[in-house]
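Here is a short report on one structure. The sequence and the coordinates come first, then the notes.

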Amino acid sequence: MLRGAIPENLHRLWAEEDALIKWADGIIASEPYLVEHVDLIEAYLDCIEAVRVAIPEGERHIALCGLHLRQFDSMSHALRAAMSGNYVGCVMYARDLVETEFLIDFLMEEAGRPEEWLSSDPGTAREKFGANSVRIALDKRDGFMERKRKKRFDMLSAMGCHPRPSGLDLKRDGTRAINVGPFKQAKVLEACIQELARAALSGSKRLLQYCRSEIPSGSKRSSRLALAAQRAFETHWPNNT
């Protein structure tokens, strides 16, 4: 009998990840606030899908919808990574969520900017639309002198996207031992879910604005996310910025 192309060790690794999802589901179900966080994340993803099927024509919408679809992929991968015990992978996607959210915010601030970004050459994309330039512009707009956006971005970079000592904390189960592959760590799982819910809430602001102002029947399509975001804002992040 011929074996498949995938080595058995990889099948075992993936089976272990799938088994951890059942464990993570139990952890989430035991904490009402985590259930609400996951509901918010799902409503955010569902709203992006509603935008996709109703996207108007034009370069502006190719740019904005394309970025929201990137958010869909990053969010869904991040949540699965966290629930399957791959906390470093979750944080890597979480940083992408934050960077893309900042870019969407920057592009929607000025008419014609999404089209300019879409047609920009690599040099212009880095100089004008790169992560650092976008964060500086948004902080200046909002009067943020404490550079909260940079601190959040740098924290996620250090924890999951660059080989830094702090990133090893995501591989520990409460001891000094470093784990390989998926493993159970309830506190880290909870922290990951909270970070993803925060990203969903922040991303919802511009997504809801886009739906209501530019998507056919956008208010109806986004009503469930609007309710979930309002509930999360009032209950969990009353001072969210």
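## A bridge to start with

With which residue does Glu109 form a salt bridge? The partner is Arg141, and the closest N and O atoms are 3.9 Å apart. A salt bridge here is a side-chain nitrogen of Lys or Arg within 4 Å of a carboxyl oxygen of Asp or Glu. Glu109 lies in the loop between α4 and α5 (113-119) and Arg141 in helix α7, so the pair ties together parts that are 32 residues apart in sequence. Helices are DSSP runs of H or I, at least four residues long, numbered from the N terminus.

Glu109 is partly exposed because its relative accessibility is 36%. Arg141 is also partly exposed, at 33%. The classes are buried (under 20% relative accessible area), exposed (over 50%) and partly exposed in between, with a 1.4 Å probe and protein chains only.

## Basis of the model

This is a predicted model: local features need pLDDT of at least 70, side-chain atom pairs count only at pLDDT 80 or more, and totals for chains, interfaces and linings use all residues. Residues are numbered from 1 along each chain as its sequence is written, and side-chain values use heavy atoms, leaving out hydrogens and water.

## The salt-bridge network

The whole structure holds 18 salt bridges. One of them joins Asp139 to Arg149, with the closest N and O atoms 2.7 Å apart. Asp139 sits in helix α7 and Arg149 in helix α8, so this pair ties together parts 10 residues apart in sequence. Both Asp139 and Arg149 are buried.

A network of salt bridges links Asp105, Glu109, Glu110, Arg113, Asp139, Arg141, Asp142, Arg149 and Arg206. Another salt bridge runs from Arg172 to Asp169, at 3.0 Å between the closest N and O atoms. Asp169 is partly exposed, at 42% relative accessibility.

## Helix α8 and its cover

Helix α8 (residues 148-161) has 14 residues. The helix reaches 19 Å from its first C-alpha to its last, close to the 20 Å expected at 1.5 Å a residue. The expected span is 1.5 Å times one less than the number of residues.

Which residues of α8 are buried? They are Arg149, Arg152, Phe153, Leu156, Ser157, Ala158 and Gly160. Their cover includes α4 (87-108), α7 (131-142) and α9. Contact means heavy atoms within 4.5 Å.

## Aromatic pairs

There are 2 aromatic pairs. Rings of Phe, Tyr and Trp (its six-membered ring) pair if their centres lie within 6.5 Å; planes under 30 degrees apart are stacked, over 60 edge-to-face and the rest tilted. Tyr87 and Phe183 are edge-to-face because their planes stand at 85°, with ring centres 5.2 Å apart. This pair links distant parts of the chain: Tyr87 is in helix α4, and Phe183 is in the loop between α8 and α9, 96 residues apart. Tyr87 is buried at 1% relative accessible area, and Phe183 is buried at 7%.

Phe106 and Phe129 also form an edge-to-face pair, 6.1 Å centre to centre with 65° between the planes. Phe106 lies in helix α4 and Phe129 in helix α6 (residues 122-129), 23 residues apart. Phe106 and Phe129 are both buried.

Arg60 lies in helix α3 (residues 59-83). Arg60 is buried, at 18% relative accessible area. Beyond its neighbours within four places in sequence, Arg60 is in contact with Pro114, Glu115 and Glu214.

Ala191 belongs to helix α9 (residues 186-214). Ala191 is partly exposed, at 45% relative accessibility. Ala191 and Ala82 are 109 residues apart in sequence and 9.5 Å apart in space, C-alpha to C-alpha.

How values were computed
Helix = DSSP H or I, 4+ residues; strand = E, 2+ residues; numbered from the N terminus.
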